[in-house]
Each structure stands twice: as C-alpha cells, then as structure tokens.
Amino acid sequence: MTGWSALDRRMMLAALTVARGALGTTAPNPAVGCVIAQGEAMISRGATQPGGRPHAEVMALAAAGAAARGATAYVTLEPCSHHGRTPPCAEALIAAGVARVVVAFAHDPDPRVQGRGIAMLRAAGIAVDTGLMERDAAEILRGFLKAQRQGLPWVTVKLGVSLDGCIATRSGESRWITGPGARTVVQRMRAEHDAVMVGIGTVLADDPGLRCGLPGLGDRPRWRVVADAALRTPLTSQIVRHAAAHSLILLAAPEADAARAAALRAMGVAILTVPRAASGGLDLGKALAALKTEGLTSILNEGGAKLAGALLRAGLVDRIAWHRAPILLGDSGLQALQGLGIERLADAIRLRLLARQEYEDDVLETYEIRSPVLGREIAPGEIIPESPPAVSSGPSA
C-alpha cells in the first residue's frame, strides 16, 4: 500500500517504539510491538514479553479488551499462524474482532509462518495493509531475521579506539579511551543485544562484569559469552561469580580440562565445546551456530583485538560500531584489529557508513560490511580454511 496517512505512521511509530524496548529480552523469538487503535485514539500497546511469550498482539489485545472490536491493529511483524505454547496471534486478532491490521514487516521467515498469518486474516475478512515503515521494523528484527535465514546470530563488533586506531597502550591500559557519553551508548547497545561477547584476554585483563549499567536494565544482556579455548576464566571472576543469576557461556576447545569444566559448571557456567578450525583456533562459525541453537540471535562483540579480527576474517561480522576518541597513542598502542592477514589493498575489508554521531568529544561511526574478503565474495558465516587462528593462546584466546 502507498499513501499512508499521518495517523497510520504515528501508530506504527508507537508500535516500533515498544518493539525496540523489548530488544535483547525476547530471544529466540523476535521483539515485536503492537498497537490497537480506534480512530485517532490509541487504545493499547503491547510488546513481546521476556523469553518470547506472550506475543505482542496477545498483550495489546488483553489490554484493549472489548475495545479491540472494529479497531485497527498495528503490528511490526506478520502475526504468527502456528500453534505452539499459545494459539496463533492471527487467530487472536480474528477472535477479538479487529477490522484492519497494518503490518510493517510482512513476511515472517519462520517456516511455520511465511505469509500464512496474513492469509488467515484476509480469509477472515480483515483488511490487511503491509509495508508501512518496513525498513525500521527490519532494523529491530535483524537478529531474528539472520538467525532464521542463515542459522547464525547477528554480530556487531564494538571498538573504542584512539584517533590512530589503538584500543590500549602497549601495557594493556584501556580505561578509558572514550568518554562518558560514548560509554552510555555502549550500555544501550548491550541492552539491545542478546549477548555480549569477549575473548579470554579481556576477562583476564579487566575482570569485566559485561552487564548493562543503565538504570532498570541491570539484568541485560541475557547472556555473556567468552571465547576461552583452554577454560582459563578464573573461578573468582565477576562473570563466574554471578553466572547463576546472569547466564555465562564459555566457548571451549574439545581438549579443555574436564575437571576445570566441572568446577565452572558447578558455579552455573554453561560450556559449549567448539571444534578447532584447520588453522588451530576455535571454529568461530561453528561457535556462532551453536550459540544460535542455544537461542541467541544477536551478539555484541566487545573484544579483544584478536577476537574482533578473527570474526572479521571469517566473514561473521554484520556491523561495526567504531567509537573514536580524539587521542593519539602512536606506535606504543595496541592496534584495534589483529590477525586479518591482509597483504594487498585489493583484499581490504570495505565498509559502508550507516551513521555518524558525536558524543562530547567522541565520534561513533556505524558501518556495515560491503566488500569481498581475501579477494573474493564470501557468504556471511563462511569459514575461510586458510584463516589465522580464530582463538589462539594469546590474550584473546
């Protein structure tokens, strides 16, 4: 449909807003928003609940009650059509007597849906219009969409760097390269991803909590992930001490010490055994596929330089958040990316700038990957056999 009214846009914006507020809480289900409106009046709003149930439509319809009859429902994703732990949302909309449904992203890639929800609504005589603010909805749904289509979570690499591309001094000092404004943005990014991921080097150097520090969001992200081939994460570290309350997943090599694994599991840590790649490091593609199986749809990678480089080398990165501070570290600094193995300019990883924002003196530039890696196009998630160790015995192993 074209020629959307100002009212349609206002109501869908409200649905998108409540959907974004649910990001990071609903995996493996998508974060969806729904608004029920009678004419100019917004009757109710609903978002997918933590853990993915109930769905947004059910929440909004419950709040609307009898007022939903004859109303318009604005939904950010095609209503589901399959029976699971709850009846289909398409059936709930029909039973509530809504007259019209406006859907932003109209084709849920879940094989149990794929257009069936919209078909059910139309078969029941409900007017269905699709495509309003579709790109905005797709941005919120990006993790769910990638997980459904490729079997891998969405990966954002976040780096806080000096003007000359360093993430720390040679001694490893990195707190703080960027200022308070940029750090607040990072906390919001943590809240909107299912997991934050680091290498063991970051854990050993900084003992991070890897939780969101914004008020009311201390339970996010739902998962913390550490690439730790040899299970060197200390039992006394913050993330292990809090693992029972804040889920921690360690990615370990098959030969990791069994006694060490048992001690970690006793403290509530989940351990995923990941095969090694031909290069000797953990196969990060298989690691991400395993994390998707655990229910993760989006990951914010916060370090270190080797892990970020390995993810990029393997073609596993969807977006880069490059936080740049106006300081210089020169040749005494630790470069932000290691192990890419690029020797020719033709093989450079090329990016497309999506957004640029300023926070006090710092700048956040957000990029998506656009180039061939190692001189050829690669599919997202493809593991390149000749890549350097994805996770080595060094700081980010």
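**Backbone geometry and sheet arrangement**

Pro28 lies in the loop between α1 (6-21) and β1 (33-38); helices (H or I, at least four residues) and strands (E, at least two) are DSSP runs, numbered from the N terminus. The model is predicted: local features need pLDDT of at least 70, side-chain atom pairs count only at pLDDT 80 or more, and totals for chains, interfaces and linings use all residues. Residues are numbered from 1 along each chain as its sequence is written, and side-chain values use heavy atoms, with hydrogens and water left out.

Pro28 is joined to Ala27 by a cis peptide bond, with omega of about 10 degrees. Another cis peptide bond links Arg53 to Pro54, where omega is about -10 degrees. Pro54 is placed in the loop between β2 (41-47) and α2 (56-64). Most peptide bonds are trans, and most residues other than glycine have a negative phi. Met133, which is not a glycine, has a positive phi of about 55 degrees. Its place is in the loop that runs between β5 (127-130) and α5 (134-150). Glu360, also a residue other than glycine, has a positive phi near 55 degrees. Glu360 is found in the loop between β15 (351-359) and β16 (362-369). With a relative accessible area of 58%, Glu360 is exposed (buried means under 20% relative accessible area, exposed over 50%, partly exposed in between; 1.4 Å probe, protein chains only).

Thr72 belongs to strand β3 (residues 72-77). Its relative accessible area is 14%, so Thr72 is classed as buried. When neighbours within four places in sequence are left aside, Thr72 is in contact (heavy atoms within 4.5 Å) with Val35, Ile36, Ala37, Arg100 and Val102.

Strands of a sheet pair through backbone hydrogen bonds, in either the parallel or the antiparallel sense. Strand β8 (residues 195-199) pairs with strand β9 (residues 223-227) in the parallel sense, over 5 bridges. Gly199 stands opposite Ala227 in β9.

Terms used:
Two strands pair if DSSP finds at least two bridges between them.
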